[in-house]
Amino acid sequence: MTSSSTPGLTRFNTLADGEATPALHEVCASATWGNSILAGRPYATEEALLAASDAATAQLTAADLADAMAGHPPIGRPKPGDPTSSREQRGMAGASEELKTEMLELNLAYQERFGHVFLICATGATGEQMRDAVKSRIGNSPEQEQEIVRTELGKINRIRLTRLVTEALAEGAPAQDS
């Protein structure tokens with residue numbers, strides 16, 4: 001992360017809303033979050049963009065969080081053909097069949113308890129770390145879990161936004177390309 005403007009940030013700042021909206025939807029499926037980020041343009045620095053993301057994430061309602069989570073596949077089952085979810089869930093790629101089966105069962109139990117997918121910033125986490133996280137979080141109250149989900153979503157949004165403005169947009173490529 002840098003403290004000055006980059007070519008990717010400059011391009012993001014100057015994209016038409018119709019081009020920026022789908023790029024932001026790839027970062028976070030909440031339209032409220034995306035509209036907030038759009039409304040704040042132009043951003044002087046990447047850090048200003050990330051701070052705006054943090055603020056927008058903090059303001060999401062329960063319905064907005066549900067919209068955001070709808071864009072995330074269950075851990076261990078990345079969206080077919082989606083390089084972002086495959087990259088983020090790389091820690092499950094080499095997991096044993098036993099661990100993958102356990103994660104499927106835990107995901108289902110979590111979803112039954114909370115009504116949404118188990119959301120964790122999986123970047124850099126091993127399959128075992130993700131399993132341990134779902135095991136420890138399944139006992140949380142819905143209120144505790146909502147705030148943990150908000151924190152994890154904020155981490156994911158930061159990683160994805162940084163990638164958006166430093167890689168895809170810097171090269172002039174569509175944001176969903178990796």
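Modeller: Here is how some of those labels follow from the atoms of this predicted model.

Colleague: Why is the pair of tyrosine 110 and phenylalanine 114 called tilted?

Modeller: A pair of aromatic rings is described by the distance of the centres and the angle of the planes. For tyrosine 110 and phenylalanine 114, the centres are 4.7 Å apart and the planes stand at 45°. Rings pair if their centres lie within 6.5 Å, and planes under 30 degrees apart are stacked, over 60 edge-to-face, the rest tilted. So this pair is tilted.

Colleague: What separates tyrosine 110 and phenylalanine 114 by about one helical turn?

Modeller: They are four residues apart in helix α8, so about one helical turn lies between them.

Colleague: What makes the pair of tyrosine 110 and phenylalanine 118 edge-to-face?

Modeller: Their centres are 5.2 Å apart and their planes stand at 80°. The cut-off for edge-to-face is over 60 degrees. So the pair is edge-to-face.

Colleague: How many aromatic pairs does a search of the whole structure find?

Modeller: The search finds two. Ring pairs join Tyr110, Phe114 and Phe118 into a cluster.

Colleague: How do you know whether tyrosine 110 is buried or exposed?

Modeller: Buried means under 20% relative accessible area. Tyrosine 110 has 0%, so tyrosine 110 is buried.

Colleague: And phenylalanine 114, buried or exposed?

Modeller: Its relative accessible area is 13%. The limit is under 20%. So phenylalanine 114 is buried. Phenylalanine 118 is buried too.

Colleague: Which residues have the most contacts inside the largest nonpolar core?

Modeller: Phe12, Trp33 and Ile37 do, in a core of 44 residues. Helix α10 gives the most to this core, with six residues.

Colleague: Which residues are closest to the centre of the second largest pocket?

Modeller: Ala66, Met69, Phe114, Gly115 and His116 are, out of 13 lining residues. The space in this pocket is about 220 Å³.

Colleague: Which helix gives the most to the lining of that second largest pocket?

Modeller: Helix α5 does, with five residues. Both α5 and α10 supply at least two residues of the lining.

Definitions and conventions: Residues are numbered from 1 along each chain as its sequence is written. This is a predicted model: local features need pLDDT of at least 70, side-chain atom pairs count only at pLDDT 80 or more; totals for chains, interfaces and linings use all residues. Side-chain values use heavy atoms; hydrogens and water are left out. A nonpolar core is a set of buried Ala, Val, Leu, Ile, Met, Phe, Trp, Tyr and Cys residues joined through side-chain atoms within 4.5 Å. Buried means under 20% relative accessible area, exposed over 50%, partly exposed in between (1.4 Å probe, protein chains only). Rings of Phe, Tyr and Trp (its six-membered ring) pair if their centres lie within 6.5 Å; planes under 30 degrees apart count as stacked, over 60 as edge-to-face and the rest as tilted. On a 1 Å grid over the protein atoms alone, a cavity is a set of points where a 1.4 Å probe fits but cannot get out, and a pocket is an open set with protein on both sides within 12 Å along at least five of seven lines; lining residues have an atom within 4 Å of a point. Grid points are joined across faces, edges and corners, and a volume is the space filled by probe spheres set on the points.
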